[in-house]
Amino acid sequence: MSSIEHFPRKEITKSNPLFSSIRSVIETAFYGNNVAKIRHLTDAYALAKASPGTITTDLDVAHTNKLQLPTDAKILVTNDGAIVGRTAAARRIIGQQGVDPIFYSKLLREAVFEARTKQFYSGEVIVGLDEEFTVKSHLMLPADYSPNLYSYLLNFQISDAKQLFYQQSAKIDTGDLFIFADPDWKHPDFPDGVVVIDSLNNCAGILGLRYFGELKKATLTLAWATAHRNGFIACHGGMKQYLLEKKSYTLAAFGLSGSGKSTITLAKPKNNGDVHVLHDDAFVISKEKGSTTALEPAYFDKTQDYPMTSDQIHYIVTAQNVGVTLDEQNKKVLVTEDIRNGNGRSIKSRFATPNRVDHIAEKVDGLFWIMKDDSLPPLVKIDDPSLAAIFGATLATKRSTAENIRTDTANQLVIEPFANPFRCYPLKEDYQDFKELFQKQKTACYLLNTGDFQGRNVTPEETLDSIEKIIDGSAKFSAFGPLEKMSYLPIDGHEPNFNDRHYLQQLLTRLETRLTFVQTCKIEQNGYDRLPDEAEQLLLQLLDRLRSYSEALDA
């Protein structure tokens, strides 16, 4: 599948649903005299290197030839300022209640007009790395932000004639993605900036925001929405495939940034056999075939776990919001581990995982919802498709420094359905998609708590060991108290005590939080994200069983 860039004149009409006021405002800006198109990564590198504020380190970029970069290319560093994370509060989704397309079309018209005297650069990328699903995206940025354009072209796959899979893929009835960004834009009514997403018409305007992640996630938002409309499940998570001696096992892990999904996806297997990595952040699943396609070749990774002695430094191409210092050889090197600020980031090339693949034809065997819910032991198995979808829709976790939020809310437990804050269609549609995956594809469902349980941290080693036991078939599950269709993997130091009233109350509270979320969805935005009635009913049944069990202890 590929998107439409050129339209026959007879189709350029008001009646064509692929056009809208906002799309026309944004796409038109790309053809201005003040916009220069960057067609090659070598040119993008030269512009980024010469940009004010860029730091050219003395660290060589690996695999320059395969990355289409100059042979002497160095890791480039840029820093944003006070805001070093994504500002979710800035997003406005056209089609949702209270988001007026006429108002935002006017706002974008004025923003484009105000930017007419500035030099802009534009570039094209491919989003979706297999002919089964692929679309083209266009980005334009002011010249002062050429490092972000360079990172964008690296993060996705720059569009060129070598990509035969794109040329050979079947067209779908949707236009290319167009994104206009002006980080210097200011407006008194939008002190935190604004991101306008018109997903039905595959366009976005990003105003007043410098953070590179805004460009990446806006692009993925549009691509995921396109995939959703065309028979795919949109996935904000990681996927890998274990290749054992007598079988393969395909695993998908869903979680917010900082939850551990990249650690799980990129970890080397301990058991015998090989592993293929699809991606650690963005992919789509075909509802018809059960196959999966990665949306990006590179990794936009946090650098908090990568000191200068880490092997992963070798694969960095650009870095954002990190420090720089001089080493013993007087060479400029990185200061990572979030010493300078939270959420230091890097674009790492696909070569960070030598076993990288872009498409997996086999269906998903196991799906893991990554939580930070202290009422759950490290690994819980869910044996009912509806209940599995409910726990995905009420995924409980904590925010991280990847997001620009108030510090007093950073450690609060929040519900982020399917770990995807970038959805721009009703929640019930994702619920049905994942429920069908569990039913029709017979995908197993697990909950991973990567936070703490009963006052003890769940270590990455415990999480990875638990997953490996599932892969090799050695996992032995125990009943999760009185809750049917749920069981847990016993781990020393993390045993749930169903005779402990304090623990029972904690579990009740967490289930009540999920129920409240489901009930609130029936009311907010006129029920835009209302889930099917069975979601509420099944949660009520879990609560009734747990309350009856607790009362029996008191008898």
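**Aromatic pairs**

I started with the aromatic rings and got 27 pairs, taking rings of Phe, Tyr and Trp (its six-membered ring) as paired if their centres lie within 6.5 Å, with planes under 30 degrees apart called stacked, over 60 edge-to-face and the rest tilted. This is a predicted model, so local features need pLDDT of at least 70 and side-chain atom pairs count only at pLDDT 80 or more, while totals for chains, interfaces and linings use all residues. Residues are numbered from 1 along each chain as its sequence is written, and side-chain values use heavy atoms, with hydrogens and water left out.

I looked at phenylalanine 30 and phenylalanine 178: the ring centres are 5.1 Å apart and the planes sit at 80°, so I noted the pair as edge-to-face. Phenylalanine 30 is in the loop between α1 (21–29) and β2 (35–37), and phenylalanine 178 is in strand β10 (residues 177–182), so the pair ties together parts 148 residues apart in sequence. For helices (H or I, at least four residues) and strands (E, at least two) I use the DSSP runs, numbered from the N terminus.

My cut-offs: buried is under 20% relative accessible area, exposed over 50%, partly exposed in between (1.4 Å probe, protein chains only).

I also found a cluster in which ring pairs link Phe254, Phe283, Trp369, Phe418, Phe434 and Phe438.

**Charges over rings**

Arginine 116 lies over the face of phenylalanine 113, 3.9 Å from the ring centre. I counted a charge as over a ring if NZ of Lys or CZ of Arg is within 6 Å of the ring centre and within 35 degrees of the ring normal.

**Cores**

Which residues have the most contacts inside the largest nonpolar core? They are Leu69, Tyr150 and Leu295, in a core of 69 residues. The largest share of this core, 9 residues, comes from helix α6 (residues 212–229). Apart from that core lies another, of 59 residues, including Leu129, Tyr431, Phe438 and Leu511. By core I mean a set of buried Ala, Val, Leu, Ile, Met, Phe, Trp, Tyr and Cys residues joined through side-chain atoms within 4.5 Å.

I then listed the contacts (heavy atoms within 4.5 Å) of tyrosine 150. Not counting residues up to four places away in sequence, tyrosine 150 touches Leu41, Ala44, Tyr45, Ala48, Leu69, Leu76, Val317 and Thr318.

α6 has 18 residues and reaches 27 Å from its first C-alpha to its last, close to the 26 Å expected (1.5 Å times one less than the number of residues). In α6, 17 of the 18 residues are buried, so the helix is largely enclosed by the rest of the structure. Glycine 231 follows α6 and has a positive phi, near 90°.

Helix α9 (residues 427–440) has 14 residues that should span 20 Å, and its end C-alpha atoms are 20 Å apart, which agrees. Among the buried residues of α9 I noted Tyr431, Phe434 and Phe438. Lysine 442 comes after α9, with a positive phi near 55°.

**Strand β13 and its partners**

In strand β13 (residues 232–243), 11 of the 12 residues are buried, so the strand is largely enclosed by the rest of the structure. What does β13 pair with? I count strands as paired if DSSP finds at least two bridges between them.

- β13 and strand β14 (residues 248–254) pair antiparallel over 7 bridges, and lysine 240 stands opposite leucine 251 in β14.
- β13 and strand β15 (residues 274–279) pair antiparallel over 5 bridges, with histidine 279 as the bridge partner of methionine 239.
- β13 and strand β16 (residues 282–286) run antiparallel, joined by 5 bridges, with isoleucine 285 as the bridge partner of isoleucine 233.

β13 and β14 form a hairpin with 4 residues between them.

**Around asparagine 321**

Asparagine 321 lies in the loop between β19 (316–320) and β20, and counts as buried at 1% relative accessibility. Leaving aside neighbours within four places in sequence, its contacts include Asn79, Asp80, Tyr211 and Arg340.

Strand β20 (residues 323–326) pairs antiparallel with strand β21 (residues 332–335) over 4 bridges. In their hairpin, with 5 residues between the strands, asparagine 330 takes a positive phi near 65°.
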